[in-house]
Amino acid sequence: MSGVETEVGRLKTDAVVVAAGAWTSRLLMPLGMRHPSLWIRGSVGRTAPLPIELRKLVVWGATAYRQRADGRVNIAVSEDGFHDLMVDSFANGHRFLPLAWKNRHLLRLGLGRPMMQSLMGEFADFTTHRTLDPRPDWRGLKRAGRTFRHEYPDAGDIRFERAWAGYIDYMPDELPVIGMAPGVQGLVIAAGLSGNGFGIGPGVGRTICDLVVTGRSRHDLSAFTAERFS
Ligand SMILES: Cc1cc2nc3c(=O)[nH]c(=O)nc-3n(C[C@H](O)[C@H](O)[C@H](O)COP(=O)(O)OP(=O)(O)OC[C@H]3O[C@@H](n4cnc5c(N)ncnc54)[C@H](O)[C@@H]3O)c2cc1C
């Protein structure tokens, strides 16, 4: 590894870490590496303060919710994976799609704006969308709100004050890729955290540090190799 090409010129370095979340597969493609993650849209809505007290984090059926200190409740859609079909769904995901087909009862496919954007080449460069900010899945959120209301009738009407969404870089086996990239000295990959990134982030960070500084990890990373998809 000799460096990184950036918008402000080339940076020379012996070690590069690709931990670019949903962008990882696109960044690795020019190096001939397949990172078959699928963009899965995750959506969360925040209610107004509710007249109930909910002291626990609940993952129940198709929803997950937690009350904030101010009484508002964050309600997430967790019913299944929502994938916006894009050009890369087919180009990059041909190993993913058979698995997706097998698990099709867990996957919803959307065909809309993201397909148009990808056809226009908007995801092909790395500057048009610096922040991926997909639209929340309002239908899923409304269903999640109804489920919540069913569980907590005293909460009254569920109206969302705000909602947001993000793309999760989802691997076919739900495991991340963590390790030295095959065939490119000094390149470390830490991506494909598949909806578990908050939980495993600190351990992944420590492992990246070990790989860059010492060239090895104190953990057995054999389950997380990039080669498992080659
Ligand atoms: C709605 C939602 C709910 C979630 N809930 C949970 C949860 O409850 N628990 C959990 O564990 N996980 C959850 N996740 C998943 C979690 O957010 C991810 O697993 C985690 O953020 C992945 O971390 P990361 O550092 O790999 O990638 P990211 O957090 O995506 O970070 C990648 C970074 O790289 C930057 N980047 C990309 N390309 C470039 C480039 N070319 N140059 C420079 N920088 C670049 C991006 O801007 C970004 O800042 C949720 C995700 C969503 C969307």
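Strand 4 (38–47), strand 10 (160–170) and helix 6 (197–214) each supply at least two residues of the shell around the ligand; helix 6 gives the most, with 3 residues. Helices (H or I, at least four residues) and strands (E, at least two) are DSSP runs, numbered from the N terminus. Please note that this is a predicted model, in which local features need pLDDT of at least 70 and side-chain atom pairs count only at pLDDT 80 or more, while totals for chains, interfaces and linings use all residues. Residues are numbered from 1 along each chain as its sequence is written.

Of the 18 residues around the ligand, the nearest are Gly21, Gly42, Gly166, Gly197 and Phe198, where a residue is near if its C-beta atom, placed from the backbone, lies within 6 Å. By class, the shell holds 11 nonpolar, 7 polar and no charged residues. Here Ala, Val, Leu, Ile, Met, Phe, Trp, Tyr, Cys and Pro count as nonpolar, Asp, Glu, Lys and Arg as charged, and the others, Gly among them, as polar.

Why does the ligand lie between the domains? Domain 1 (1–36 + 172–230) and domain 2 (38–170) both give residues to its shell. The domain bounds come from an automatic or database domain assignment.

The C-alpha centres of the two domains lie 26 Å apart. Between them, 14 residues of domain 1 are in contact with 13 residues of domain 2, contact meaning C-beta atoms, placed from the backbone, within 7 Å. Helix 1 (residues 24–28) provides the largest share of that side of domain 1, 3 residues.

Notes:
Two residues are in contact if their C-beta atoms, placed from the backbone, lie within 7 Å.
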